[in-house]
Amino acid sequence: MTTELQDPRIVEYDVRTDEMLVNMGPQHPSTHGVLRLLLRTDGEIVHEVTPHLGYLHRCAEKIGENLATPQWIPYTDRMDYLAGMNMNLGMSLAVEKLLGIELPEKAQTIRVLIAELGRVASHLVGMGAYGLDLGSFSPFLWAFREREIILDLFEEVCGARLTYSYITPGGATHDLPKSINLPPGLAALTGQSPDTAVSWTNALGQFLDWLEPRIEEYHTLLTRNQIFIKRTAGLGLLSPDMAKSYGCTGPVLRGSGVDWDLRRDGEEIYTKMYEGYEFEIPVAPFDAAPPEAVCGDNWCRFFVRMMEVVQSIGLVRQAIEKYATAEGAYREAFKLATKLPADECYLETECPRGQMGFYLVGDGSSEPFRARAKSSCFCNLAVTGPLSSGFLLADIPAIVGSLDVVMGEIDR
Amino acid sequence: MTSAPDIHESLVEQFGRDAISGNNLEAIDPWIEVSPGSIVEVSEFLRDDPALLFDHLNDLCGVDYLQPDPKKAKTFEHSPHVEVVYHLSSFTHKHRITIKVLLPRWADDIEGDIPACPSVVGVWAAANWHEREAYDLVGIRFTSHPNLRRILCPEDWEGHPLRKDYEFPLEYHGIRGQ
């Protein structure tokens with residue numbers, strides 16, 4: 001009996017596989033929460049990706065219609081639970097825009113400081129978890145070590161580690177603490193005793209001094225890692241026109257080469273906070289990009305986040321300096337029963353994951369008639385389908401991970 | 001950068017007073033009301049006109065204007081209706097505008113028959129999921145939408161939760177409600 005094939009082409013025809021529907025999630029580790037992707041696959045090739053949402057839907061908008069605006073702040077924490085401070089800020093600014101409240105310099109400085117620190121914490125998770133999606137464990141542990149100290153510092157400010165409710169309409173709930181014990185994580189890293197009493201801003205300054213040189217280590221671990229480049233560069237191409245049409249915002253939009261950041265291009269009430277600060281807005285394409293990388297691919301989206309961490313560190317440093325001389329109080333009096341005018345307003349702010357919008361309709365009572373939270377990840381996730389079709393199954397986590405979605409914000 | 005009154009003027013000039021049926025240019029966020037029949041053409045014009053170039057649909061949502069609370073109803077200024085609100089901005093010109101489409105709460109006054117509005121998915125792809133959400137939560141049928149299914153609630157959910165007269169179900173697949 002001969003084992004030789006008469007015509008190899010027949011075999012090629014024979015091994016063609018059937019189409020198969022595969023469920024990825026909602027408990028899949030690389031879908032960043034409870035996202036279910038329905039994949040139509042032919043062998044290893046994915047032809048169609050349909051995201052199914054709603055597993056974390058908590059009717060946050062309906063709840064908002066029955067609460068006074070400061071009472072809704074804790075619910076915004078639970079939307080993007082990795083950047084609670086930034087969500088508080090967006091909602092508070094929307095209320096202040098509706099009521100026409102102007103804040104003292106000190107309150108605004110605290111807000112910039114806290115929001116940018118929140119951005120660093122959020123991007124550290126986004127970046128670490130992206131490494132994890134691609135099979136590299138160390139960056140995740142390293143990023144969490146750094147983030148831990150930020151959470152310790154936030155805990156000293158408001159008592160909470162994730163669900164802060166710190167920035168509220170009218171300013172913030174507390175001033176920055178005058179004297180704290182050095183956070184244990186930071187004490188261990190810098191070789192000091194945890195009983196050392198320092199001011200909060202001093203502890204933060206020490207942490208930033210420690211963090212800044214570490215960014216280079218992440219570049220060695222991920223950005224310039226050949227395996228990482230092979231998994232990300234040139235994959236998941238999002239053209240600028242498509243990004244605009246799908247309403248993508250934040251690092252996803254800037255990774256496609258659209259120079260747009262609300263901290264510079266947003267509404268006056270928001271950009272006013274950032275007046276006098278020097279910062280750059282990282283936009284693809286980058287000089288540091290490997291030759292394989294193309295503007296709008298996974299690698300660029302990842303690198304935008306890395307560069308934003310550097311910019312945010314700079315902003316926090318400037319805010320620390322400003323805070324030392326800032327005048328006024330850390331908040332304006334804001335009563336729970338403050339009546340909202342019979343008008344409406346919509347405000348978007350630049351959150352770590354994109355532009356988070358709050359739409360409030362007032363009817364003369366203290367509860368908004370309609371409270372709407374427009375999620376940035378909701379729009380960013382919508383491009384998964386068009387981006388992923390035609391790629392290998394193993395590339396799907398790389399593409400979804402590069403969008404850095406948080407399901408709590410999408411489902412609300 | 002074009003101001004809201006100028007945007008309104010150019011829309012009226014292009015489409016006439018029948019299509020551009022109302023406005024409030026004094027509001028915190030100035031808005032222009034567009035009749036349901038012309039929303040797609042107006043959207044295309046807003047996106048493509050070189051002086052406007054609204055290439056970013058920030059948000060699309062529905063609002064149910066019905067005040068069920070009799071105490072608040074005395075001071076409530078709106079007659080019962082449903083609104084679709086489009087928040088637009090331009091990457092090029094950095095200006096913003098709000099567009100509204102007013103619909104009856106129920107089509108032909110038959111309770112349970114949700115009103116219809118033409119879909120703008122063909123103009124901004126972002127509208128796809130936003131319109132699905134508005135259909136799901138507020139109950140607006142977007143005609144010629146490619147895939148108008150519920151997005152946040154389960155597909156066999158009854159009613160539209162953000163309607164002001166929505167009643168919470170007592171039971172769902174054996175799970176007791178309140």
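Helices (H or I, at least four residues) and strands (E, at least two) are DSSP runs, numbered from the N terminus. The structure described here is a predicted model, in which local features need pLDDT of at least 70, side-chain atom pairs count only at pLDDT 80 or more, and totals for chains, interfaces and linings use all residues. Residues are numbered from 1 along each chain as its sequence is written, and chains are lettered from A and ligands numbered from 1 in the order in which they are written.

Among the buried residues of H17(A) are Ile396(A), Pro397(A) and Val400(A).

In chain A, 3 strands form an open antiparallel sheet in the order S1-S2-S3; two strands pair if DSSP finds at least two bridges between them. Strand S1 (19–24) and strand S3 (45–52) of chain A are the edge strands, each pairing on one side only. S1(A) is joined to strand S2 (residues 36–42) of chain A by 6 bridges in the antiparallel sense, and Leu21(A) has Arg40(A) in S2(A) as its bridge partner.

The largest nonpolar core has 155 residues (such a core is a set of buried Ala, Val, Leu, Ile, Met, Phe, Trp, Tyr and Cys residues joined through C-beta atoms within 7 Å). Ala94(A) and Leu360(A) touch the most other members, and helix H5 (residues 105–133) of chain A gives the most to this core, with 13 residues. Leaving aside neighbours within four places in sequence, Ala94(A) is in contact with Cys345(A), Leu347(A), Phe358(A) and Leu360(A), where contact requires C-beta atoms, placed from the backbone, to lie within 7 Å. In soluble globular proteins, nonpolar side chains tend to be buried together.

Between the chains, 34 residues of chain A are in contact with 28 residues of chain B. The elements that give two or more residues to this side of chain A include helix H4 (84–99) and strand S9 (354–361), while S8(A) gives the most, with 4 residues.

In chain B, strand S3 (residues 56–65) is mostly covered, with 9 of its 10 residues buried. S3(B) pairs with strand S4 (residues 81–89) of chain B in the antiparallel sense over 9 bridges, and Gly62(B) stands opposite Val84(B) in S4(B).

How values were computed
Two residues are in contact if their C-beta atoms, placed from the backbone, lie within 7 Å. A residue is buried if 20 or more other C-beta atoms lie within 10 Å of its own, exposed if 12 or fewer, and partly exposed in between; C-beta atoms are placed from the backbone.
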